[in-house]
Amino acid sequence: MQNRHTATDRFVVSRDKEAATHLSPGLFPAGRQSEWSAQNRTLIFSIHPLSNKTALAVGGKKTRESLSNDTLTFDQDQRVHICGISTESDSRLAFINDTHAVFVALQQLMEEAGADDSTASAVGIKGLVKMSVLYREAMQRQSRVLADIADPNEFIKEEAETFRAIHAVWHLLEIIYLTTNTPGLSTSIVPHFMEWLNANFLAPLAEDAHRIAGGSPTADDLARNELLWPYLKKLALRGHVSVLGNMLERLAPSQLLSASAARWARSLSQLCRKMPLSSSDETAGSFNSRWRQWNEELRGHATAIGCLLGDAGEKDGGAGGDKDKALEALFAISEVMRGDLDAIAAEGEMWQDIMGATLLYSEPTARADRLPALVGAIIEQFEESAFTELDRALVALLNHDLAEFLVHCDHIDHWLSAHISDLMDHISVLDICRRVFVVDPREHYLMALGESYLGHEDLWRVGLDYLGLCRTVAGALVMEEYVTRIPLDSDRKAEQVLRVCEVYTLECARDRIHRQLGRQKWQRGRLGAAIAHFAQVCDHDSIGLICDQIWNAYISSGELTYGPTIDGVMASSSLSEGSGSLLHHEGLQFLSKYRDFHELYAAGAFVEAGKVLLSILLCEIAPAYALGDLLVDSIPLLEGDTLVFSSEDTFELMRVAESLAQSQMRQSQQDGAIDCSEMNIFNVACTRNLARSFVMF
Amino acid sequence: MSKLQVQPVARKVTAISWLPPRAGTAYTDTDLYFVTGSGAKHKELVLWTTPNPDFAQSEPDSTNDLATVVSKVPHNGDVQGIIALSPGLLATASSTGIISVYNVGTESGSMEFGESVTAHKFSNGEVAGATSLAVQPTGALDVEVASCGEDGRIAFTALSRLKESQGYDVDSTVITDLCWTTPTQLAITTRGGQIKIFDRRMPSEILAAFANSQSSQALESIAVHPSQPFRLATGTAGGSVLVWDIRDMRQPIIEELTVHEANVWQVRFDPADSTRVISCSEDASIAVTQWATEGRGAVALGVAPPERGVRRLSSMFNALSINCFDVCPSTRTHLLVAGSDSGNLLMEKTVNPDFKLF
């Protein structure tokens, strides 16, 4: 396999909505699978455990030994291809970061509102509405960014469609569960529903009115315009009654209309302007009374126009079609506006249009709980098989079938299911459907979203927040596993990963990362930094091994160069509570004191140097293999002009020498043993120093 | 808490620096330029331009971008530091231990790679990330850039002899930041929680080393007072900003300002008012802190001392670490730009009433 790794290629992987991925260009030439197979070639692959990369290579189906020598080999097979399966497009990065910030702020808001019971009532619906609007603003920004891309490819078009769907779903949920629940506001859902309908589905625009009216300067031109009547019907369906009124008034003077059509156009125009609008300072009874009156008037108009149409049909038998068409259209508009369900169904193309017009003209004070009955009756008129995921999600939401709603949201986009289940949890409606799922839906969707970000170099921190903030044991476990596998490319990134561990109290992961960093630094020869990391997790064994390495380097080179390493460690030793014990590590204390001993000796402070040396021996912090060297180091002090060691000190030195000799006798191995001649010199020096000390003291 | 204006740029911004104004156009430039460096997936340098707010005719439209891209150039490794040496020249430090020089043409809107040198390596041969760089404040034509890295070394690189970089092993942990206190003296901060002072003429010897005995934490960043070379500001891993007076090398005076909740990645004395220290942090905020010491002198002169306090800057749409910031030195309006891990450019414009040109 070694010679395969001669080069790497990067392939573009196109990803479709289903899980299948396709290499482009493919390693297999299209349509030549059987030929490849006959040449003992197949594909082998291995998926990277953390990132979204896969290693691909052409492999043999049989081992080389079992093949004849004349089997062909191909140069292009000596390659490993690294394929990055990009689950997140860079075009979404800004959106992901924006909404992550809102998500984190929302969690903090809920946490601050009540540590025990983070419910909507504690925070207030207004706070949640504000957050929901922030989410929607981010969606709208992303939609604008996608719309501004010149020459969009298929993926960008799909993304734009997805974001339109995400916004429509989110907006409707906000209206049903947040806006109409806001205290002090009218609880009728109708005006909000119409706002949602016109904001999310192509509405008759004011520009269209200008275009139609502008291209037709006179009333006659307007009456001739073929786009006029469909547009007016659309205005009626979407509740743009003031625009409708203006257009009808402008049309009325046309000579092309019959006298009756012109009269009824004028009359309908006036009625449009009189349409009652509900306001928060009006009682429901008062509004209903005004509505009934207006509706009765409209009913009278519709009946009268209907009679006229009937009479005209009897007289002409279909002649004068243009004028009849106008009257027919006026009749259809008045029928829609008086709330006739059949007329609304006949004029509406989409179920959303029919739903809106039904609510607006038939049930203008309807509340959210009325929606399931209405939507059920309306969608019966449509082929459900032609419904998109968006339609299904919206219908499920209007039906208050939240479990099905979440499933369809997940089909639309994973971002949507994760964030909307979180919002539903905060407004306490997720509990209604929790039992339907095997696992908690909020946890499941947030974890799935978080995991999808972990492999992305820019989004790993965002992914960890989603795992951490789903606040479940499973999330913490997954997070703990992932966090230790994040590549620690730089010192700053290591600090950031450790900070994540601190924030989410991942003690085990923190310890593993410190050990990992300690080993990494050790391999790179950064012994001080390695000790500092091992000290954070009280890994005394590793620190001991590093101390041994430092000591051996000193013994072999004879140069005391580890001072800066020790200094760095001593300064960093009190970085945290966990490393407080570092100062008590015997190996480090020994090295530190031994360095002090040499510095004092070099400075001529023999008495102080002797005290330090003796303290090393008395505290028994020196490793056994260093004792011989320490005793040898004491010889110049024993033989010097100044009396450094008292008789007690000398006895202590002799005791150490005796125990060393005994241990050497017990052990057959001679590692660290001092030379016998040096031992004899030490003994003589001790004897002389003892004699001097008796005389002196 | 004040709000920062945000512009998403869809890449982690790890370093940022304003370009100094061209000779003859200082204070009259209608367009200002700055350079950002990014890391992780998009390793590149980006040259940006933004209108000079001093000459703004009207309030900017909130829907407009804060800055627009002039040019981009790929970078070898994550950009860990940027220093603008002149309006047409900048140096960068890389996570691959490379110090690079780039030529910038603001008029032509170009930015081109010049040359580079690997200044930081571990003893086992692996590349060591450079963590910061600083230009020697000599005013000489042939400037020298000092850099520090995860290998515990400081490297000196003269721009005219880039390949002859000299490195000195001065710490056993990671050197997190450095600054020149005088033209011959520089200070470094270490992950071990120390400040070490070096003389350029004897770079292998430590002149002095300090640590905060009260609560020793890793030091992440350092800056020197613009007119008092003995006064240093450091940011710690725990979120504090320490202001040091190192006139007495045996016992420096330390003032601790607890302004952040996590690692302080960059700290600077405000060039417009050195009684303020600006810092940015892993906690996704920028703090402008009035430190008190300089106010004592003001009392003696009969002037009311500045009120001590912290002004925090953050944004609702920026949840992750703010890695870097820079204050435009040549505008009447206090113009601060910053970059974050959330892939945002952040900006604050405040009119400074005390700013006087003459």
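Q: How many of the 21 residues of α2(A) are buried?

A: Buried means under 20% relative accessible area, exposed over 50%, and partly exposed in between (1.4 Å probe, protein chains only). In α2(A), 16 of the 21 residues are buried, so the helix is mostly covered. This is a predicted model: local features need pLDDT of at least 70 and side-chain atom pairs pLDDT 80 or more, while totals for chains, interfaces and linings use all residues. Residues are numbered from 1 along each chain as written, chains are lettered from A and ligands numbered from 1 in written order, and side-chain values use heavy atoms, without hydrogens or water.

Q: What does helix α2 of chain A span from its first C-alpha to its last?

A: Helices are DSSP runs (H or I, at least four residues), numbered from the N terminus; the expected span is 1.5 Å times one less than the number of residues. Helix α2 (residues 93-113) reaches 30 Å, close to the 30 Å expected.

Q: Is Arg595(A) buried or exposed?

A: Arg595(A), in helix α29 (residues 586-602), is buried, because its relative accessible area is 11%. Its side chain makes a polar contact (here a donor and an acceptor, N or O, within 3.5 Å; sequence neighbours count only through side-chain atoms) with the side chain of Asp596(A), at 3.5 Å.

Q: Is Arg292(A) buried or exposed?

A: Arg292(A) lies in helix α12 (residues 284-316) and is exposed, because its relative accessible area is 54%. The C-alpha atoms of Arg292(A) and Pro276(A) are separated by 9.6 Å, with the two residues 16 apart along the chain.

Key. Helices (H or I, at least four residues) and strands (E, at least two) are DSSP runs, numbered from the N terminus.
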